[in-house]
Every structure is written in C-alpha cells, then in structure tokens.
Amino acid sequence: ECQRQQLPVTSANKQKVLGKALSLIRFPLMTIEEFAAGPAQSGILSDREVVNLFLHFTVNPKPRVDYIDRPRCCLRGKECSINRFQQVESRWGYSGTSDRIRFTVNRRISIVGFGLYGSIHGPTDYQVNIQIIEYEKNQTLGQNDTGFSCDGTANTFRVMFKEPIEILPTVCYTACATLKGPDSHYGTKGLKKVIHESPTSSKTCFFFFSSPGNNNGTSIEDGQIPEIIFYT
C-alpha cells in the first residue's frame, strides 16, 4: 500500500496507511514467541513500541501499551458480573499465598475474569496470577499471569483471562488469585448464594464455599475475589 501511494516504506508510513486498523490488533494477547517472530520484525511498529510490548510480556507491573489487551469475545449476550460481598473493609495482606474460594453455578456460563480489590494506600500496581481450577480433578482450566492498576478506592478492578473458561452446572470450581503488592481493601458480610437476574435469560445462581487448606484467609464471609465476570 505504501508503494501504491508512492510513499517511502517506513514504520511511520506503514502505520499511516493502516490507519485505525492497526490499533485493533491485539499484540498483548500474543505469546512472546509469536510477537518476536512476526510483528517485532515486521517494521510496522516503532522501536519504542516494540520495546514496550516486550516489557509488557516480561515484567510486572506491566507498562501501559496502546493496544487492546482484552480477548475478543465470541460469546453472545451481554457481559454480566456478580459481587459476593455486601461491605468493604481495609487491610488485607499478601505473602505469596493464594486467595481461593470455591463455587458452583446452576447453569452453563463462561467466565472471562475477576474483579479484585486494590490498595488502601492510593494508586498502586499489583502483580497477579488468576486461575480457575476444577476442584474434584484438581485441573487448572485457565490462568493468566498479569497485573492491574488501582486508584486507591474501594472499587473492584478487572483482571481478565486470555480466553473465556466454560463452567458447567453443579460442578465445583475454585477461583484463585495470587497477588503481589501492598495491603488492600477486602470484602466482608459475604453471601453463600448470589443470584444474577437478566431480563433476557433465566437466573444465574452462584453458590460459594470456603476452600480448604491455604487460602490467605479468604472465605465465604471475608476476603478477596469479590467479583466474577461472565457471559451466559
């Protein structure tokens, strides 16, 4: 296209002819090997963009990049979320142990991420690994090593999986989050049962159970992993 428009074949001109289409390429969702073998050598990205994306793949907290880092969702319907806590309190600590909570659902859904609490000390970056494990088989169905930035409020902050994870009715799963960062807010007055009602589909009922073993203190009543983000 550069040649057709009689433009020098430079990184800037390649970006110019691609226009808005370039910003829709989800470079952050590639593996580092895919990125190194293709886009990094294509001449489309500037040297600075290549360095920033390599840093995005290899360090935490991850630098901000100008490309979408959420997966395309081929799922129909609207994104939904539930929050299992009725109140937020201060000071939940982290020492390398995972926060875990078990759950079942009454219908087939696809989970795309969690909402997590952030720092009580103002704007902060966290490193985090999130997982969903099928409890009886002890099988990890999906995980992501990533990071998130928070603003010091008691809000939840989205941390997404790279691909939707299918959840089947009446099967027990463990939601797991391993955070590295300062003390955070946490939820309390937790609910054993949370119902999400939609005008276009039937009710989605989540049932929560404490996870045995090391769980950093997270339970039905208190802790992390307040929010599950899903599609029905």
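This is a predicted model: local features need pLDDT of at least 70, side-chain atom pairs count only at pLDDT 80 or more; totals for chains, interfaces and linings use all residues.
Gln224 counts as buried, because its relative accessibility is 0%. Once its neighbours within four places in sequence are set aside, Gln224 is in contact with Arg84, Phe85, Trp92, Tyr94, Asp99, Leu116, Tyr117, Leu179, Ser184 and Thr218.

## Salt bridges

The whole structure contains 5 salt bridges, among them a pair formed by the side chains of Glu79 and Arg158, with an N to O distance of 2.7 Å. Glu79 belongs to the loop between α4 (47-58) and β1 (80-83), whereas Arg158 is part of strand β7 (residues 156-167), so this pair ties together parts that lie 79 residues apart in sequence. Both partners are partly exposed: Glu79 has a relative accessible area of 37%, and Arg158 has one of 33%.

Another salt bridge joins Arg4 to Glu1, where the closest N and O atoms are 2.6 Å apart. Here Arg4 counts as exposed, because its relative accessibility is 64%, while Glu1, at 47%, counts as partly exposed.

## Lys137 and Glu134

Lys137 forms a salt bridge with Glu134, and the closest N and O atoms of this pair are 4.0 Å apart. As to accessibility, Lys137 is exposed, with a relative accessible area of 58%, whereas Glu134 is buried, with a relative accessible area of 14%.

Definitions and conventions:
Residues are numbered from 1 along each chain as its sequence is written. Side-chain values use heavy atoms; hydrogens and water are left out. Buried means under 20% relative accessible area, exposed over 50%, partly exposed in between (1.4 Å probe, protein chains only). Contact means heavy atoms within 4.5 Å. Helices (H or I, at least four residues) and strands (E, at least two) are DSSP runs, numbered from the N terminus.
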